[in-house]
Amino acid sequence: MRSATAGRPAPRSGGPGVIPRASTVPRASTLLAALDAVRDPELDEPITALGFVISAAVSADGDAQVRLRLPTYFCAPNFAFLMVADAYDAVSALPGVRTAEVVLEDHFASDAINGGVAAEAGFAQSFDGEAVGELHGLRADFLRKAVMAGTDQVCRPLLAAGADLAGLLEMRLGDLPPSAPLQRLRQRRAELGLPAGDDAPLVIDPATGARVSAQSAPLHLRRAQVTRISIEANGSICRGMLRHRYDSPGQGEEEQQ
Amino acid sequence: MYEKDGEKYFVVDGHMHYWNAAPDNWVPGAEQYAKGWIECFHAYMGLGPPETHWTIEHFQKYSEDDLMKDVFEDGHVDVAIFQPTYLLEWYKEGFNTTERNAEMGKHHPGKFVYNTRFDPRDGDEGLKALRANVDRYGSKGVKLYTAEWNNGSRGYKLTDPGAYRFLEAAQELGIKNIHVHKGPTIWPLDKDAFDVSDVDHVATDFQGLNFIVEHVGLPRIEDFCFMATQEPNVYAGLAVAIGGLMHARPRFFAKVMGELLFWVGEDKMLFGSDYAIWEPKWQVEGFVDWEMPDAAEFSDYPRLGTEGKKKILGLNAAKLYDIDVPAEYQLSGGGTPGAHEVLAGQPEEHAASGA
């Protein structure tokens, strides 16, 4: 997990939002590429592909501005906060960006979220009296769901190709040919601090990192499957709602696979 | 009722509304929330077939005649269950209250079931109102919306001490069915507001109540399924699952249905149109016609036959609400067990065949 997230321990040196200036200002495409790394924590997809980025621009002086949108006015504010904060961190970290502004539009908590992120105030401060604690635990919960979903993505083709359950449990990540789903599963596991190297077992409990036993495996894989379907079905609903709300595509938007 | 290919379906719409969300009902100072709420609902309508879409003006406020035509005359529904949603901080007379529903329904005896609601943050006054509504409207069910704003609070959980008091009172008053609709609460924001673990707790502690998780726990179908499989008194409300996916995303609809049939089982799934978000007509007709696709990716899911469709469309809800169903609509045989029994019996074989 990147260190800079909602509820940062302390403002960066140089004051809120001001980053030491570099000689070259990044292009808009570089900005967008940086936003590709920002995911909706629930849907586990980039905010760009989901169509959440209205615009991403940077001035000749290195002042970056990103405008974001969501499928509904009442999308969950905690996840909205995470996306805005992560987008701010991703853009701020680019060489040549002097200031960064990320604005979430058309959301019932826009003011609290935008203000909190701009001030690097952290989540609890942004929702004074209404939120408790910070969001690290919430993000980890959803990364574990992403690991479960990713386990189904990787295991399902193996089983379809004739692998048996016992064989699957013996497999290590390094035994598998490279693929996008495998790469993604490794990344999510690494973000959680779970084993992700070639020697690590393919099927693990995302809460503990322990290898899943033969006895637990059938139910575990069944849970992995329902988790993946839930996330993908939500993604399809979110995309449909977004299209109803806004008729123009977002920057970097992609159709669901 | 609906008849197709010689089969007769008794239809209970387990989740529908009669709301007024027009500007004349918006609370001054909270207009943006009232407007945002109904526009969000309207976007859901966009997931249904284009020929069933309404203008936002019509959607904000529809008439009694509209409802009777859409739900009963055209929509095949025999009995409809009102699920009130108050939202008094945004709508002056409430979004759709028990009173508004009953006032309309009294012109159509036998057509409606009047569920009421409670809010554990209302304390003694709320208990009094619950008693009065049960007395007056004969409510056997309540609809709870956990993300409702109330006097500075931005949501609650069923495990809050106040909620236990209300659940105990509801049980004493003869309430049988608790419909839970999870929403994006702002408290506590560092937790997942859609988490259904509180339903799990209260379902264990209140064995005499049925808990119908509306919208099948969306967006947490996986948490809901895993919880429901362990709690015999937890049911799946299909509102939004059918309306939001069957037309717009048929492949995902089949997968979600497959998961629900596996984990929850056809005895514990209830149809709900979520009218006026979607009209029941296309949902009922489409659901009766629907079949699990033949492709390999669906091969490990249970199949849904005519009897299962009859249960889901009406017979399951009729049982929960003691609604009389004429003999010609009843099943000839029995049903299949819920997933909790299957899993407990043969976990390895069952799940391995799914993997």
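**Entry 1: the sheet in chain A**

I started with the open sheet of chain A, which has three strands in the order 3-4-5 and mixed pairing. This is a predicted model, so I read every entry here with that in mind. Which strands stand at the edges? I found strand 3 (53–58) and strand 5 (99–104) of chain A there; each has a single partner strand, so one side of each is left without a neighbour in the sheet. From one strand to the next, the twist averages 10°.

Next I looked up how strand 4 (residues 63–68) of chain A pairs with strand 5 of chain A: the sense is parallel, and there are six bridges. For one residue I noted the partner too: Ala64(A) is bridged to Ala100(A) in strand 5 of chain A. I also checked what packs on this sheet, and helix 1 (residues 28–35) of chain A does, touching strand 3 and strand 4 of chain A. The direction of helix 1 makes about 130° with that of strand 3 of chain A.

**Entry 2: chain A as a whole**

Chain A has eight helices and five strands, and from the N terminus on I read its elements as α-β-β-β-β-α-β-α-α-α-α-α-α. How much of chain A is buried? Of its 257 residues, 47% are. Taking the contacts in chain A with a separation of 6 or more, I saw that 71% join residues 24 or more positions apart.

**Entry 3: two helices side by side**

My next stop was a helix pair. Two packed helices are described by the angle between their axes and the distance between the axes.

Which residues meet here? From helix 5 of chain A I listed several, among them Leu143(A), Ala146(A), Val147(A) and Gly150(A). From helix 7 of chain A they include Leu182(A), Leu185(A), Arg188(A) and Glu191(A). By class, the contact holds seven nonpolar, three polar and four charged residues.

**Entry 4: a look at Arg144(A)**

I picked one residue of helix 5 of chain A, Arg144(A). Why does Arg144(A) count as partly exposed? It has 18 C-beta neighbours inside 10 Å, and a residue is buried if it has 20 or more, exposed if it has 12 or fewer. Leaving aside neighbours within four places in sequence, I found Arg144(A) in contact with Leu192(A), Pro206(A) and Ala207(A). I also looked up Arg189(A), 45 residues from Arg144(A) along the chain: their C-alpha atoms are separated by 8.1 Å.

**Entry 5: chain B and its side towards chain A**

Last, I turned to chain B.

How many residues of chain B are in contact with chain A? I noted 40, in contact with 40 residues of chain A. Several helices of chain B each supply at least two residues of that side, including helix 8 (221–228) and helix 10 (250–263). The largest share, seven residues, comes from helix 1 of chain B. The residues on that side of chain B divide into 25 nonpolar, four polar and 11 charged.

Methods:
Residues numbered from 1 in each chain as written. Chains lettered and ligands numbered in written order. Predicted model: local features only at pLDDT ≥ 70, side-chain atom pairs only at ≥ 80, totals over all residues. Contact = placed C-beta atoms within 7 Å. Helix = DSSP H or I, 4+ residues; strand = E, 2+ residues; numbered from the N terminus. Nonpolar A, V, L, I, M, F, W, Y, C, P; charged D, E, K, R; others polar. Pairing = 2+ DSSP bridges. Axes fitted to C-alpha atoms, helices over the stretch in contact; angles between N-to-C directions.
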